[in-house]
Amino acid sequence: MAEGRFKNPVVASLAGIRDFFSKQQLADRFTDQDRADGLTVLITGATSGLGFALATEFAKRGAEVIMACRSRIPEAGERVKELSGSDRVEMRFLDLSDIGSIHRFTDSLVRDNISVDICILNAATTLPKSRKTPSGQDEMFLVNYLSNVILINLLLQNSVIRPQDPDPSQENSSAGKTPPRMIFISSDSHQGSSAIDYNEFGRYFDYGVSKAISNYSYFKLVLNTYAVELSRRINRDGMKVSVNLICPGPVNSNIVKEAPWLLRMILKGIFTIVFKSPAKAARPVVYMALSPDYAGTTGEYLHMFNPKKMDPKVYDPAEGRKLWERSMELLKEIDP
Ligand SMILES: NC(=O)c1ccc[n+]([C@@H]2O[C@H](COP(=O)([O-])OP(=O)(O)OC[C@H]3O[C@@H](n4cnc5c(N)ncnc54)[C@H](OP(=O)(O)O)[C@@H]3O)[C@@H](O)[C@H]2O)c1
């Protein structure tokens, strides 16, 4: 059975407190010079928490921001415009628990001829128990892992994200530009999760709160393994898309909004007192997305402002290949 690092949400939150006080190695490298003028930034799950703060910060730094959200349209976008002083912000509907919605979202980007320079895969959910999606998967599996695979496939297949041609002699080559960047928002809680369990993979079954907490960190391990394999495959013949990962550290966000009432109160208390504001947590993500330090790097991981190694299983090419193949097989069944 797949096992994440934590089964108890209070223990998971308290583990985050230690991170809060850790040294931030690269914090001084992030400056006002890191601008996003002329860049289009797509952020999933931008209605609240980290995603909302990211939308605001990228807009302040000159980006065209696309907030891909399933709720708070248009209020969240209007608020980002107010806070950033930029009107280059738009919201588009995307429900990552509905495969059809991912297709309709991508179709709308294609129809409007949008080309994305920076894609932040931020949305995730924590649920108190299993919940079935219309396509029959567990909602956390779909939203926190597989929807990202579907979205990335569609964005690449439809040239919404255009891999850079690494050969500068080619006509229409984008030589001189830096490759587009994808950033997966992960969690350091993935460290120590079990190896991917293919008996459970994509299969719906009922579970309760401790398995749900465990799955949160386990699905981050699955997501990280996919991101590293994507980076390997897409950049096999030279640097085409920069695919990096980051854990923002403990964020005072809405991530526990579906927890039972008492637990939610306890967790919200911990979050409010010791966790970082979303604006502060967004800084290393914006740094990784804009800084020349990460232009043309791929497969790198930051834990806040600290370069770090992920769980060793994430880098295993055999694991990456197997996950890729099993994910594509599953997609053939549920998203032909
Ligand atoms: N909070 C932490 O301490 C912490 C620590 C490490 C990593 N992270 C990661 O940071 C990222 C952002 O989380 P957060 O803490 O900012 O939590 P949050 O405030 O709950 O934000 C999550 C976002 O994802 C969206 N979302 C959830 N299900 C969705 C769906 N089916 N379709 C589309 N969007 C959906 C939510 O939209 P709605 O508003 O519509 O629900 C919301 O905008 C996540 O990847 C999380 O795993 C958080």
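Analyst: Here is a walk through the core, and then a stop at one serine. This is a predicted model, where local features need pLDDT of at least 70, side-chain atom pairs count only at pLDDT 80 or more, and totals for chains, interfaces and linings use all residues. Residues are numbered from 1 along each chain as its sequence is written, and side-chain values use heavy atoms, leaving out hydrogens and water.

A nonpolar core is a set of buried Ala, Val, Leu, Ile, Met, Phe, Trp, Tyr and Cys residues joined through side-chain atoms within 4.5 Å; buried means under 20% relative accessible area, with a 1.4 Å probe and protein chains only. The largest one here has 59 residues, and those with the most contacts inside it include Y145, L146 and F184. Among the elements that each supply at least two of its residues are strand 5 (181–185), helix 6 (209–234) and strand 6 (242–247). Helix 5 gives the largest share, twelve residues. (Helices are DSSP runs of H or I, at least four residues, and strands runs of E, at least two, numbered from the N terminus.)

Zoom in on F184: beyond its neighbours within four places in sequence, its contacts (heavy atoms within 4.5 Å) include L121, I152, Y226 and I246. There's also a second, separate core of 38 residues, with A36, F58, V65 and C69 among them.

Now the serine. S253 sits in the loop between strand 6 and helix 7 (261–274), and it counts as buried because its relative accessibility is 12%. Leaving out residues up to four places away in sequence, S253 touches G49, K268 and F271.

Definitions and conventions
Buried < 20%, exposed > 50% of the residue type's maximum accessible area, 1.4 Å probe, protein only.
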